[in-house]
Amino acid sequence: MKRLLVLLLALLAAAPAFAQSPAQAQAVVQTENVRAELLADASAIKPGEPFWVGLRQTIRPKWHTYWKNPGDSGLPTEITWKLPEGAKAEPIVWPRPHLFDLSGVINYGFKDEATLLVRITPPANASGSFKLAAEANWLVCEDVCIPEDGKFELTLPVTATGAAAPPATRAIFDKARQQLPMQSPWPARYGVAKSGDPTLIVEARGLKANTIRDVYFFPADWGPVASMAKQTASIDAEGIRIPLKRGDAKAALPADLSGTLVLTEKTADGEVRQAFDVTAKLDPAFMPA
């Protein structure tokens, strides 16, 4: 099935602009559906020393924004930076996504709240004050989709030692970091059946099947893996096996298939939702039935 982006864009073009972002840049932008705020984990920065900023989205109930791979439709949040000369902004570090099944259309994204983290490195000769300016745009959807945007500014003093943000702000960053996938400790590989469909093997040996549920592999990129197809993972002593369906991309399957593996584990302290960034190498010797 072809991706629904073309249809979505047509709907967007026909939809009224329910919310317009303010013309003046500020730290907080309130639209019809999202409260977006630009925060820093420092109240003062040190020359040449990286710090983190976060675009925090508080999303209208029952609505959602999108992950880096939005799935069958949608668009991810984008941030364009204007920084002092010599400063550098790294790509967004994405939290683990949720799956939204909208009448069979599978989307990947965020509900309620999401903080998109970005690492900023100021130049070694920074002095006085450091001004960050950003323009962000996002798509927010329920039964309709609305494009929204905002302009943001933060100005931080530059000192010899820097200083941490206030405790309430640090707590927001701590919560955001808890939502980040960790690098998978397990090797992974995938094989391709005669039908062209891939099967992912995550060699997480020793997992107990009765302690793991709701396993899902979110592919990092649209195309190689079909989002519409239901995933049914199995777990045994050798690890996790997830049969997948080939996506609509015309290119050959990649040498490395990357994505985020999300699962719920039953522990002594209760159920814990965990996420792992996985890179599976194509194994030509593995041909799943």
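The entries below follow the order in which I looked things up.

**Entry 1: the model**

I note at the outset that this is a predicted model. I kept the numbering that starts from 1 along each chain.

**Entry 2: the open sheet**

I asked in what order the strands of the open sheet are arranged. I found 5 strands in the order β1-β2-β4-β10-β7, with antiparallel pairing. The edge strands are β1 (28–30) and β7, each of which pairs on one side only.

I then went through pairs of strands within the sheet. β1 and β2 are joined by 3 bridges in the antiparallel sense. For a reference point there, I noted that V29 has A36 in β2 as its bridge partner. Between β4 and β10 I found 8 bridges, again with the strands antiparallel. In that pairing, G54 sits opposite L117 of β10. Strand β7, residues 88–89, is held to β10 by 2 bridges and runs antiparallel to it. Here K88 faces T121 of β10.

I also checked how far β10 is enclosed. Of its 9 residues, 7 are buried, so β10 is largely enclosed by the rest of the structure.

**Entry 3: helix α2**

Which residues of α2 are buried? I listed T169, I172, F173 and A176. Seen down the axis of α2, the buried residues fall within an arc of 95°, so they line one face of the helix. On the other side of α2 I found P167, A168 and Q178 exposed.

Next I asked what covers the buried residues of α2. The cover includes β2 (34–40), β4 (51–59) and β10 (113–121). The helix lies across these strands, β2, β4 and β10, and runs at about 100° to β10.

**Entry 4: E37**

I picked E37 in strand β2. Is it buried or exposed? Its relative accessibility is 15%, and the cut-off for buried is under 20%, so E37 counts as buried. The side chain of E37 makes a polar contact of 3.0 Å with the side chain of R35. Setting aside neighbours within four places in sequence, I listed A27, V28, G54, L55, R56 and F152 as contacts of E37. One of these, G54, is the residue I had already noted opposite L117 in β10.

**Entry 5: H64**

I moved to H64, which lies in strand β5, residues 64–71. The relative accessible area of H64 is 2%, and H64 is buried. I found a polar contact of 3.3 Å between the side chains of H64 and Y66. Not counting residues up to four places away in sequence, H64 touches I59, F100, L102, N107, F110, L139, V140 and C141.

**Entry 6: M182**

I then took M182, in strand β14, residues 182–183. M182 has a relative accessibility of 45% and counts as partly exposed. With residues up to four places away in sequence left out, M182 touches A275, F276 and D277. I also looked up its distance from P147, which is 35 residues away along the chain. The C-alpha atoms of M182 and P147 are separated by 31 Å.

**Entry 7: strands β16, β18 and β19**

I ended with the pairings of β19. Strand β16, residues 198–202, and strand β19, residues 239–243, run antiparallel and are joined by 4 bridges. The bridge partner of L200 in β19 is I242. Strand β18, residues 234–236, also runs antiparallel to β19, with 3 bridges between them. There D236 has G239 as its partner in β19.

How many residues lie between β18 and β19 in their hairpin? I found 2 residues between these strands.

Conventions. Predicted model: local features only at pLDDT ≥ 70, side-chain atom pairs only at ≥ 80, totals over all residues. Heavy atoms only, no water. Buried < 20%, exposed > 50% of the residue type's maximum accessible area, 1.4 Å probe, protein only. Arc of directions from axis to C-beta. Contact = heavy atoms within 4.5 Å. Pairing = 2+ DSSP bridges. Axes fitted to C-alpha atoms, helices over the stretch in contact; angles between N-to-C directions. Polar contact = N/O pair within 3.5 Å; in protein donor to acceptor, adjacent residues only side chain to side chain.
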